[in-house]
Amino acid sequence: MDQANVTGIETGNLTVVEDQEWLPDWVYKLRTSILLLIVIMAVLGNMLVIVSVMRHRKLRVITNYFVVSLAFADILVAVVVMSFNFSVQYYNEWIFGPVICDLWNSSDVYFTSTSILHLCCISVDRYYAIVKPLKYPIKMTKKMAFVMLAATWLSPITISYAPIFMGWYTTSEYLKTRVLNQCEFKVNKPYAVISSSISFWIPCTIMVFTYLAIFKEANRQEKALHARAGNAMLMHRHSRDVGDKNGLHINANTPTKDRNILKMKREHKAARTLGIIMGAFILCWLPFFLFYLSTSLCDSCTYPEFVTVLMFWTGYFNSALNPIIYAYFNRDFRNAFKNTLACAFCSFCRRNPMDSEATERLERRSSAQLRVPLPSRRASDLASL
C-alpha cells in the first residue's frame with residue numbers, strides 16, 4: 001500500500017495536524033488493543049485457511065489455489081506491514097531507520113497490490129467457470145493457474161521496491177530533508193496516479209465488469225434450472241402414471257443431469273462467496289485510495305492525523321476479514337475450519353493427516369447411497385441378504 005506517514009508532519013503535499021499527544025490514556029489503550037487484535041486475527045485466520053485447504057481434498061480446486069496464495073499474502077501484510085505500523089502507533093515515532101522505512105513502504109505497496117491482483121485472478125477464474133464453462137477446463141489448467149500466480153507475485157515489484165529504493169516515487173527536496181525518527185511517504189503526483197491505477201483502479205474495474213457478467217449469467221442459469229426442474233416434475237409425474245399402469249418404475253432424472261446441476265450450484269455458491277470477498281475488499285480499500293489520490297494531488301490540504309490511521313487500518317482489516325467471509329458464506333470452508341480447529345485443540349482428535357480425507361470419502365459414499373433410487377436400494381439390500 002502506498003504508505004503515508006503515520007507520525008510525521010507532512011505526507012505528500014499535505015500537512016498533517018499532529019494530535020496524537022492529546023489522546024486520553026484510555027483511548028490510546030483501546031486503539032492499541034484493537035490494532036493488535038486485527039494483526040492477530042489476520043495471521044491466525046489466514047493460517048487456518050491455508051491449513052484447511054491442505055488437509056481437505058475437497059477444497060483442492062484451482063480457484064482455491066488463488067485463495068491460498070491470497071491468504072499467504074494477507075499473512076505477510078500482517079507480519080511485515082501491520083506490525084511496523086502498530087509499532088509507530090505504540091511508540092508515536094519511527095525507531096527503525098531510513099532503510100527499514102523504505103522497506104516497509106515498499107512492502108506495503110507490494111503486498112496490497114498483490115492482494116488485489118489475486119482477487120482479479122479469482123474473478124477471471126469464476127468468469128470462465130460460469131460464463132464460459134466449456135472453455136474453463138481448457139483455459140484454467142493448473143499450469144495456467146501457476147502462470148497467473150507468478151505474474152501476480154512478480155508484477156507489483158515495478159511499483160513498489162524498484163521505484164521506492166531508486167527514489168523515483170518522491171521529490172529531490174524530500175530526499176535531502178529526511179528525518180530519522182519519521183517514516184514519511186511523500187510521493188510526487190505522477191507516482192500517485194500510476195501506483196493507485198495499477199494497485200487499485202484498473203484491477204477493480206476488471207473485477208466489477210467480470211462479476212457483472214457472472215451474476216447476469218448466474219441469474220440466467222438459475223431461471224433455466226427452475227424451468228428445467230418444473231419440466232422434470234411434470235415428466236416424472238407422467239412417467240409415474242405410465243409406470244403404475246404397466247407395473248414399471250421409470251426414473252426421469254439421470255445421474256449425469258444430477259451431477260451437472262450439483263456442479264452448477266457449487267459454482268454459483270463459490271462465485272457468490274468470492275463476490276462478497278471482492279465487495280469487502282473494495283469497501284475496505286476504496287476510502288483509502290480516494291483519500292490517497294485526492295490528497296496527493298492537492299497542494300494545500302490539511303487533515304487530522306487520525307484520519308490517516310483510520311484509512312490505513314480500515315484497509316488492513318480486510319486481511320483479517322476474508323477468513324470470516326469464508327466461514328460464514330461457504331459451507332465447505334466452514335466444515336473444514338471446524339474439523340481443523342477440532343484437531344488442533346482437542347487431544348481426542350489427534351489423527352493422521354490422511355484421516356480427514358478418509359472422513360470425506362465416507363461422507364461422499366454415504367451421500368451417494370442416499371441418492372440411490374428406492375427400488376435399487378431395496379434390490380441391493382435383498383442381494384446382500
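Okay, so before anything else: what we have here is a predicted model.

Let's start with two helices. Helix 2 covers residues 62-91, and helix 10 covers residues 305-329. Their axes sit 10 Å apart, and the packing angle is about 150 degrees. Anything over 145 counts as roughly antiparallel, so that's what we call helix 2 and helix 10. The crossing of these two is left-handed.

Who touches whom? On the helix 2 side you'll find, among others, V67, L70, D74 and F86, and they face a helix 10 set including F312, W313, Y316 and Y326. If you sort the residues of this contact by type, you get eleven nonpolar, four polar and two charged.

Now, on to the aromatics. With the pairing rule used here, the count is 30 aromatic pairs. Take Y110 and Y161: the ring centres are 5.5 Å apart and the planes are at 55 degrees, so this pair is tilted. Y110 belongs to helix 3 and Y161 to helix 6, so the pair ties together parts that are 51 residues apart in sequence. And are these two buried or exposed? Y110 counts as buried, at 9% relative accessibility, while Y161 is partly exposed at 24%.

Compare that with Y127 and Y128. Here the centres are 5.7 Å apart with the planes at 85 degrees, so this one is edge-to-face. Y127 is partly exposed, with a relative accessible area of 22%.

Definitions and conventions: Residues numbered from 1 in each chain as written. Predicted model: local features only at pLDDT ≥ 70, side-chain atom pairs only at ≥ 80, totals over all residues. Heavy atoms only, no water. Axes fitted to C-alpha atoms, helices over the stretch in contact; angles between N-to-C directions. Helix = DSSP H or I, 4+ residues; strand = E, 2+ residues; numbered from the N terminus. Parallel < 35°, antiparallel > 145°, perpendicular 65-115°, else oblique. Left-handed = near helix turned anticlockwise from the far one by under 90°. Contact = heavy atoms within 4.5 Å. Nonpolar A, V, L, I, M, F, W, Y, C, P; charged D, E, K, R; others polar. Phe/Tyr/Trp six-rings, centres within 6.5 Å; stacked < 30°, edge-to-face > 60°. Buried < 20%, exposed > 50% of the residue type's maximum accessible area, 1.4 Å probe, protein only.
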